[in-house]
Amino acid sequence: MQQFQFNIQAKGGAGKSMLTYLQALKEQNNDRSYFVDFDSSVKSSLQQLRFLQGKTPSRFATMSLLDSREKLDRQLLFENLYELSQKDYDCFYLDFGAPESDQLPSLFYKDYTIEEFKDVQDELNAQFIFNVVIAGGSAYEPCTHYLQKIVLLNRGFFGVNLYINESSFAGTPGLIKELMAFGAAKENNVSAVKLYGDFDITTAPHRSILQKISEGKGMEAFQFIEKIKMLKELSKI
């Protein structure tokens, strides 16, 4: 059974592409995984996943979910998921941009029901998982509002993982505890709560790591100390 992991969050800059990068780095040597940049706005994964591009067999693609009005097109979503399901891979990681993530919930209460989306999953003989990214600071409120919307609409039909962008919560550990408590209280709707992205830009090694991420470097580009840090990060996701 193929697995589709949707990396989503309507708030821009929350850390979806960072999560996708770390997933790609963890899967760098796994030829059974495939990555898709659905982000119509900034295309961060197109830049950061350069180390997967040009591989044989292919490991990366860009796809569009928006129509001529820049609205999420239900038919395009179905067509792209079906096209991917015909590829000989075990797991697909889908980096949704903020515009695509923002409009995704509306499909579940305007265009069709969550039950009908489950029918799509079953028709493809696949497993859909939603990875909701949460950032701190001024992004916390819109991020958690989006999370609540996804959990409310999902009603336990699909796996929902909560990914906390740890570096954005500096000085506010209580908010992380709040998210952990939310996950525990919604255990029937939230499969797991995970922290990632603990990078401190005030330190030279971490600045170097973030620079290499922005350049789309693979694991082989990291120096010894940097590699230790990256392996620690990969163990968390």
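Start by selecting Phe 6, Leu 94, Leu 104, Phe 117, Phe 128 and Met 230: these have the most contacts inside the largest nonpolar core, which has 76 residues. Such a core is a set of buried Ala, Val, Leu, Ile, Met, Phe, Trp, Tyr and Cys residues joined through side-chain atoms within 4.5 Å. Next, colour helix H6, residues 140-154, which gives this core its largest share, 7 residues.

A word on the model before we go on: it is predicted, with local features needing pLDDT of at least 70 and side-chain atom pairs pLDDT 80 or more, while totals for chains, interfaces and linings use all residues. Numbering runs from 1 along each chain as its sequence is written, and side-chain values use heavy atoms, without hydrogens or water.

Now centre on Met 230. Beyond its neighbours within four places in sequence, Met 230 is in contact (heavy atoms within 4.5 Å) with Tyr 21, Leu 22, Leu 25, Phe 199, Ile 209, Ile 213, Met 219 and Phe 222.

Zoom out and switch to cartoon: the protein chain has 9 helices and 7 strands (DSSP runs, H or I of at least four residues and E of at least two, numbered from the N terminus). Its C-alpha atoms fill a box of roughly 50 × 45 × 35 Å along the principal axes.

Finally, select the charged side chains, 26 positive and 30 negative, counting Lys and Arg against Asp and Glu, without His or the chain ends.

Terms used. Buried means under 20% relative accessible area, exposed over 50%, partly exposed in between (1.4 Å probe, protein chains only). The place of a charge is taken as NZ of Lys, CZ of Arg, CG of Asp or CD of Glu.
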